[in-house]
Amino acid sequence: MIFKKPKFTLDNDFLKDKLYEDSLLGFNVLKKSDITLNKKELTLFYPGAANDIIRPLLLLDALANFKQATIILADTHLNSNSVLEMMQNLTNIKKFKKKNNSLTFKFKNKEINFVFKECDILKSEIPEFDIYFERAFQLFRKDAKEFIPKIIAKANKDALLISDYLDFKDETLKKINFPKELNYIGFYKKSGVLRKL
Ligand SMILES: C[S@@+](CC[C@H](N)C(=O)[O-])C[C@H]1O[C@@H](n2cnc3c(N)ncnc32)[C@H](O)[C@@H]1O
């Protein structure tokens, strides 16, 4: 079954200013691929995110047909003000709701909720998710042997796990063919996509 892919309007000039051209190409190729996630309400979990909100938004745009998305950014150091400023520049939407550790934006007919988890994620509880994304995080997690099994256990059915250093596998995860340009999105260029069965 082919699902229609959604459209957001992100400020192209701002994107070009913030991302390399080949990285943008990687997202565009992903958008045209048949990798999709058809869920109206979903959660994207991004450990070691720093203040990178552009890539999770581009991933949602490329992959998911949703109405409401929660993006959980986990890092030992997070700055919700810089996320807010970035989101306003990217979308030209100035209105948002701020609540404790979250920021909510209405975006066309979609709602995007950023949740900030400022913690050592290797020692913290992992949330359930539909999309897992990591970039330039392998160095930090490589000695925490229990981290990836904890991640796999929290993946919802059909969840997509996307990493730029795909060194994990499990019998509950299926490797997905992905466009080689996806490597441009990453830092380590060992990208891969898995689907939770
Ligand atoms: C190399 S940066 C990558 C940032 C972002 N993913 C990107 O691609 O631009 C790695 C990030 O992981 C965070 N980090 C390292 N160890 C962590 C831990 N145990 N828990 C949460 N975040 C961690 C660092 O604070 C840093 O922001």
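How many Å should the 12 residues of helix H4 span? The legends below take this up in a predicted model, one close-up at a time.

**View 1. Helix H4, from end to end.** Helix H4 covers residues 80–91, and at 1.5 Å a residue it should span 16 Å. Look next for the buried residues of H4, which are Met87, Leu90 and Thr91. They cover an arc of only 75 degrees around the axis, which puts them on the same side of H4. An α-helix has 3.6 residues a turn, so residues three or four places apart point the same way. Turn to the other side of H4 and you will find Asn81, Ser82 and Glu85, which are exposed. The cover over the buried residues of H4 includes helix H1 (12–18), H3 and strand E4 (102–107).

View 2. Asparagine 92 sits in the loop between H4 and strand E3 (97–99). This residue takes a positive phi of about 60 degrees, although it is not a glycine. Most residues other than glycine have a negative phi. Is asparagine 92 buried or exposed? Asparagine 92 counts as exposed because 11 other C-beta atoms lie within 10 Å, and 12 or fewer is the cut-off for that class.

**View 3. Helix H3 and its surroundings.** Here 8 of the 10 residues of H3 are buried, so this helix is largely enclosed by the rest of the structure. The buried residues are Arg55, Pro56, Leu57, Leu58, Leu59, Leu60, Ala62 and Leu63. What do they pack against? Their partners are H2, E1, strand E2 (68–75), H4, strand E6 (129–134) and E7.

**View 4. Helices H2 and H3 together.** Helix H2 (residues 21–32) packs with helix H3 (residues 54–63) at an angle of about 25 degrees, and their axes are 7 Å apart. The two helices are therefore roughly parallel to each other, since angles under 35 degrees count that way. H2 brings Phe27, Leu30 and Lys31 to the contact, while H3 brings Leu58, Asp61, Ala62 and Leu63. Of the residues in this contact, 5 are nonpolar, 2 are charged and none is polar.

View 5. You can find lysine 40 in the loop between H2 and strand E1 (41–47). Lysine 40 is exposed, with 10 other C-beta atoms within 10 Å. Not counting residues up to four places away in sequence, lysine 40 touches Phe66, Lys67 and Gln68.

**View 6. Threonine 172, between two strands.** Threonine 172 belongs to the loop between strand E7 (155–163) and strand E8 (173–176). With 13 other C-beta atoms within 10 Å, threonine 172 is partly exposed. Leaving aside neighbours within four places in sequence, threonine 172 is in contact with Ile152, Lys196 and Leu197. The C-alpha atoms of threonine 172 and leucine 194 are separated by 9.6 Å, and these residues are 22 residues apart along the chain.

View 7. Finally, visit lysine 189, in the loop between E8 and strand E9 (192–196). Lysine 189 has a positive phi of about 60 degrees although it is not a glycine. Lysine 189 counts as exposed, with 12 C-beta neighbours inside 10 Å.

Note on methods. Residues numbered from 1 in each chain as written. Predicted model: local features only at pLDDT ≥ 70, side-chain atom pairs only at ≥ 80, totals over all residues. Axes fitted to C-alpha atoms, helices over the stretch in contact; angles between N-to-C directions. Helix = DSSP H or I, 4+ residues; strand = E, 2+ residues; numbered from the N terminus. Parallel < 35°, antiparallel > 145°, perpendicular 65-115°, else oblique. Contact = placed C-beta atoms within 7 Å. Nonpolar A, V, L, I, M, F, W, Y, C, P; charged D, E, K, R; others polar. Expected span 1.5 Å × (residues − 1). Buried ≥ 20, exposed ≤ 12 C-beta atoms within 10 Å, placed from the backbone. Arc of directions from axis to C-beta.
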